[in-house]
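User: Please take one part of this model and look at it closely. I would like the joins spelled out, strand by strand.

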Amino acid sequence: MTVITVALDSAGAVAAGEFIRAAKPTHPSLIDAHYEVARAYNMVNVPTAVWIDEEGRIVRPNEMAFADNRWIEYTKFDMTRYLAAIRDWAERGSKSAYVLEAKERRKRLPLPTAEHAMAAATFRLAEHLHETGHADAAVPLFKRAQALQPESWCFKRQAWALTDAERYYGTNFQKEVAALAGRPYYTPLDLGG
Amino acid sequence: MGALTAVILLPDRAVTVTGEAEADALWLAPAELAKAGGWELKPEGLCRGSLCVPVPQGASWVRGRGGDVRVDLVGLSRHMGQPVAASLEHAAWSVGLAAEDVADRLRSLDAPDFSLPDLDGRTHTLSSFRSRKVFLLAWASW
């Protein structure tokens, strides 16, 4: 099995580099400065994992993939069970009970709507304006992308991280999580198997 | 509006073209249109790779003929179901992926391919890992 990590970070290596260097990874650790992977798989949060088999087929679509229980308050799921599932798949391949039936995989796919597609295009424009020195002009576009796909924590947290979230967006991560008032921060993991 | 240099943000890259902005439209000559997403004007219509779409009679996003033909990238993209976000002030047009195309690809269960750099600038392509299982993990510093 190969692990491939992809950093979703508009600031690219400037933002993600120190984490990658500190981890000294032996697997490909890629940088996705324009959310290409997030768009193609319609990812709305991190950490998100996709299981892909030897034929390049998705056997588990996007799902919450924390490596440990540091965020259990948010995840409400014992991630050691998820790690055990990955090991089971690594050993048993398609015989692993965690490889989902094709019907179940399709059911779980997060298919984008026209609004999501517009959100992604708008976010890309906002990133470009921010990157080319027009941070003020980028803010309303980031907001529009967030409004078009409110379930995307990527669009929110990335925009907040690029600037002073309180000043430009009147909010921050802690406030937004508090506003969930008990609703899950991340789609709960349904391990199956 | 006069001629302007426009940045076109495509799903996997950004390109610069020369065109003419007018209201909501960005009019491009064929050579510029080819840069902005690979569209080529042929007798059978507009083609990108092996895909050709006929230009509907009276399409509002094509004007002129022969050497003077111009295509409005915004109108064409919308015709193809691709979302467009633009900032005329900053001469930037973002042309996204059509929701239906992304959805069809996902429904096939073939993992969408991508090529991205690592910290050393070396490019890695997902499909080059065929014959191995891949645990693909997206994370972020924020």
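What follows is a close look at the sheet and the contact around it.

Analyst: The model is predicted: local features need pLDDT of at least 70 and side-chain atom pairs count only at pLDDT 80 or more, while totals for chains, interfaces and linings use all residues. Residues are numbered from 1 along each chain as its sequence is written, and chains are lettered from A and ligands numbered from 1 in the order in which they are written.

Start with the sheet. It is open, has five strands and reads β2(A)-β1(A)-β13(B)-β3(A)-β4(A). The pairing is mixed. Strands are DSSP runs of E, at least two residues; helices are runs of H or I, at least four; both are numbered from the N terminus. At the edges stand β2 (29-32) and β4 (58-64) of chain A. Each has a single partner strand, so one side of each is left without a neighbour in the sheet. From one strand to the next, the twist averages 20 degrees (angles run from 0 to 180 degrees between N-to-C directions of lines fitted to C-alpha atoms).

Now the join between chains. β1 of chain A (residues 2-8) and β13(B) pair in the parallel sense over six bridges; pairing takes at least two DSSP bridges. In β13(B), Leu137(B) is the bridge partner of Thr5(A). Ala138(B) is the bridge partner of Val6(A).

Phi of Ala91(B) is near 50 degrees, a positive value in a residue other than glycine. Ala91(B) is partly exposed, with 16 other C-beta atoms within 10 Å. The cut-offs are 20 or more such atoms for buried, 12 or fewer for exposed, and partly exposed in between.

As a whole, chain B has three helices and 13 strands. Of its 142 residues, 35% count as buried. Its C-alpha atoms fill a box of roughly 50 × 35 × 25 Å along the principal axes. Of the contacts in chain B between residues at least 6 apart in sequence, 30% join residues at least 24 apart.

Back in chain A, β1 also has a helix packed against it. The buried residues of α8(A) pack against β1, α2 (36-41), α6 (114-131), α7 (135-148), α9 (165-169) and α10 (173-179) of chain A. Helix α8(A), residues 153-162, is mostly covered, with eight of its 10 residues buried. Among them are Trp153(A), Phe155(A), Trp160(A) and Leu162(A). From α7(A), Phe142(A), Ala145(A) and Gln146(A) meet Phe155(A), Lys156(A) and Ala159(A) of α8(A).

Pro47(A) lies in the loop between α2 and β3 (48-52) of chain A. A cis peptide bond joins Val46(A) to Pro47(A), with omega about -10 degrees. Most peptide bonds are trans.

Notes: Contact = placed C-beta atoms within 7 Å.
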